[in-house]
Amino acid sequence: MSRSLPSRDLAIREAVTVPSFDREPALATRQSWIAVYLPNLAFDVFRSRATDGPAVVVEPMHGQVYVVATNRSARSCGIVPGVKLNAAFALAASLRVFERSIRRERASLESLSAWAERLTSTVSLSPPDAVLLEVAGSVRLFGSLAAIKHKLGEELARRGWTRRLCAAPTATAALWLARGAVEDVESLATLSGKLGSLPVRVTRWPLGTQALLRDLGVRTIADCLRLPRDGFARRVGLTYLHDLDRALARRFDPRESFVPQERWSTKRELYQETSDSAIFMAAVEDMLAALTYELRRRQAEVRSVRIELEHVRLKPTFESFDWAEPTHERDRLLSLLRDRLERIVLPAPAIALRLTTGFLLPVQAKPNDLFDKVPVETLAHVLLERLRGRLGAEAVHGIAAVAEHRPEFAWSRSEARSATCLRDDDPLSPWARQRPLWLLPIPLPLGSTEAHRYYRGSVELDSSAERIESGWWDGRDACRDYYVAQSSCDERLWIYRDRRSFDWYLHGLFG
Amino acid sequence: MGSNDLLDSDELRGRIWRGSGARSARVALPTGFAALDRYLPGGGWPLGPLIEVFVERYGVGELSLLMPALAALTAGEGSRASTRKWVAWIAPPFVPYAPALQQRGVAVDALLLVHPSGKECLWTVEQVIRSGSSCGVLAWLAAADHVALRRLQLAAEAQGCWTILFRPMAARRERSPAALRLGLEREGSVTRVRIDKCRGAWPALVDIGAIDIGTAPDGATPNGAVE
């Protein structure tokens, strides 16, 4: 057996400090957790788009595409999670396939958590497929645990999600019980007994750890609990011992509370259909005044805003605005929106405007200059946003030198760096010969009409050849002799002769 | 008592405006060409007012003329990261070649390239100057009337921004509020700067000698294959 443990291991007391636990549970206050386990969430998020026929959700893993969730009709064809997509197609040719969307799953969990806040103030996400609710304080209000579960169940049925609800005195235990499809545990006294019957896989420990336990003959939680604590910590891992302690309330099990992220939205109806940007701007200014009031009230900032222009018959037109750093200043928001809205081209006149913010972010205090000077970095950000907003993101960039022999690849467009970046490249150039300050984007054949726009008369070579021969590995190899040349009208040119075709090209100007 | 003694008396000093004093008080960026520095009031490119450079064709040394100043502007301020500002190139006609700029000592990461469409060009120049995040602007402006240039001039003077406008020859005859208007003339290896207008000095033809615009080192053996 590959994972056999040498027997002398047992004799060595390693420096693993195994915490002992009191017989009394560590939790003084009684808690009551409900775990909402959504076993088929990966598919449920696509439920609205799926039809009655077989449908699966797939995910690429190790270069293969595997089915991770199915609907009932696919299951009846014999498709179960874990099969390869090709095998699934063999079983059902009319299969509908969706690619797994972690983002959608996360959004579904968040929306459920936001809904569940009406039942309790402590809601915690347990990605990828569960939500935990601490309801000890809510039981009196709603009458009983069953009433709360009933309300949750109704909501989940309305959403059409497959679910399993389980209550237990600890969050971890509730989650494990829900995964194992065992009924509720009301008191701590019965917890270890109920948990003990569960197979080890409900813990979702890494597969290697589970395999190790299986090889040791450990199949259930009860088997785990029966092992000596120090041996378990040494052989399996302290983390997993802590997990067991948390499940049995021998150790605190803090859970991060879900904090809903908010957006803010407002709408202005126009008195008549119009394409007049001045009227739009008046409405936008009005909405921004309301927005900045709201932002100040909540001490929040926004990083993105979306303007939706509603038409009478057509679908609404969207304009999205993102900026580099969050802001709450009205003037800055207004100037960013104005540049684009004033020049917007609409398919039809608009009848109403709606402004929706991105998530509201808490205000980050920024250090202020004693003399109230705006730092250059901020000014640079504002400038970049404004230029990109009006000219398009492509039109603004920085440049960088690249260590490359072929002249056309020796430079590159770079992200326009914020002004505070320290320069780290060596200003000394590795080139033996001087390079021209202007490079033509595409070399022009010497003597052609395009090239004659940049020089006049005849051309005289002014230097010896600089041979550049490189790039055979990527199919765009250059094999050229470069010369500095002077036209009869005193322009200095950088020209080359292709050593294969023997044609002359103009590649740069010594500006 | 000579007239100079009278002027230097404590009573009158500070009350009399003197032309020579005004010259040196200007903020200027040395051009890197001794003859030009001697000619220009303040001893270099004026920082703030517009500078118009008339170019008929490219490749005659119009950029090389600016390189020493550009290198000083981008590298000199790099010492203190928080004061580092951009030098914006607006609507350049070709690709400014980064290796060549490095050879002339320009810190290429301090350059910002903006490619506006023809109509947006003036707007872009004004935004870049007004933002206060740029210490220099090089703009290739085809058409601009007196009012537009006046706006740029006011913006640039308020920010103390080194503003070079490359203009076509046709614009040379137009009225302009620019403080310095110049063109380049080359004869063999000698380059002359023809000054059409300069605030604080008379028009002149300044001989700046040979500008280094890409002469291969003499006697250099052919480099041969690079690889």
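I began with one residue pair: A:Tyr37 stands opposite A:Arg164 of S7(A). The model is predicted, and I read every value below as computed from it.

**Entry 1. The four-stranded sheet of chain A**

I looked up the strands around that pair. Strand S1 (residues 33–37) of chain A is antiparallel to S7(A), and five bridges join them. Both belong to an open sheet of four strands with the order S5-S6-S1-S7 and antiparallel pairing. Which strands stand at the edges? They are S5 (122–126) and S7 (164–168); each has a single partner strand, so one side of each lacks a neighbour in the sheet. Ignoring direction, I find neighbouring strands here turned against each other by 20 degrees on average. I then checked what lies across S1 and S7 of chain A, and found helix H7 (residues 145–159) of chain A, which runs at about 155 degrees to S7(A).

**Entry 2. The three-stranded sheet of chain A**

Next I took the open sheet with the order S3-S2-S4 in chain A, where the pairing is mixed. Its edges are S3 (64–70) and S4 (96–99), each with a single partner strand, so one side of each is left without a neighbour in the sheet. Strand S2 (residues 55–61) of chain A pairs with S3(A) in the antiparallel sense, over six bridges.

**Entry 3. Partners of S11(A)**

I looked for the pairings of strand S11 (residues 350–357) of chain A. Strand S8 (residues 265–274) of chain A runs antiparallel to S11(A) and is joined to it by six bridges. A:Thr274 has A:Ala350 as its bridge partner in S11(A). Strand S9 (residues 300–311) of chain A also pairs with S11(A) in the antiparallel sense, over seven bridges. There I noted A:Glu310, bridged to A:Ala352 of S11(A).

**Entry 4. Chain B in outline**

I turned to chain B, which has seven helices and eleven strands. Of its 227 residues, 47% count as buried. Taking contacts between residues at least 6 apart in sequence, I find that 65% join residues at least 24 apart.

**Entry 5. Helix H6 of chain B**

Is H6(B) mostly covered or mostly exposed? Nine of its eleven residues are buried, so by the cut-off of 20 or more other C-beta atoms within 10 Å the helix is mostly covered. Among the buried ones are B:Cys121, B:Thr124, B:Gln127 and B:Arg130. What do the buried residues pack against? I find helix H16 (376–391) of chain A, together with S4, S6, S7, H7 and S8 of chain B.

H6 (residues 121–131) and H7 (residues 146–159) of chain B pack at an angle of about 15 degrees, their axes 9 Å apart. Angles under 35 degrees count as roughly parallel, and that is why H6(B) is called roughly parallel to H7(B). The crossing of H6(B) past H7(B) is left-handed. H6(B) contributes B:Leu122, B:Val125, B:Glu126, B:Ile129 and B:Arg130 to the contact, while residues from H7(B) include B:Ala148, B:Leu152 and B:Ala155. By class, I count seven nonpolar, one polar and three charged residues in this contact.

Last, I checked the end of the helix: just after H6(B), B:Gly132 takes a positive phi of about 80 degrees.

Notes. Residues are numbered from 1 along each chain as its sequence is written. Chains are lettered from A and ligands numbered from 1 in the order in which they are written. This is a predicted model: local features need pLDDT of at least 70, side-chain atom pairs count only at pLDDT 80 or more; totals for chains, interfaces and linings use all residues. Helices (H or I, at least four residues) and strands (E, at least two) are DSSP runs, numbered from the N terminus. A residue is buried if 20 or more other C-beta atoms lie within 10 Å of its own, exposed if 12 or fewer, and partly exposed in between; C-beta atoms are placed from the backbone. Two residues are in contact if their C-beta atoms, placed from the backbone, lie within 7 Å. Two strands pair if DSSP finds at least two bridges between them. Axes are lines fitted to C-alpha atoms, for helices over the stretch in contact, and angles run from 0 to 180 degrees between N-to-C directions. Angles under 35 degrees count as roughly parallel, over 145 as roughly antiparallel, 65 to 115 as roughly perpendicular and the rest as oblique. A crossing is left-handed if the near helix is turned anticlockwise from the far one by less than a right angle, and right-handed if clockwise. Ala, Val, Leu, Ile, Met, Phe, Trp, Tyr, Cys and Pro count as nonpolar, Asp, Glu, Lys and Arg as charged, and the others, Gly among them, as polar.
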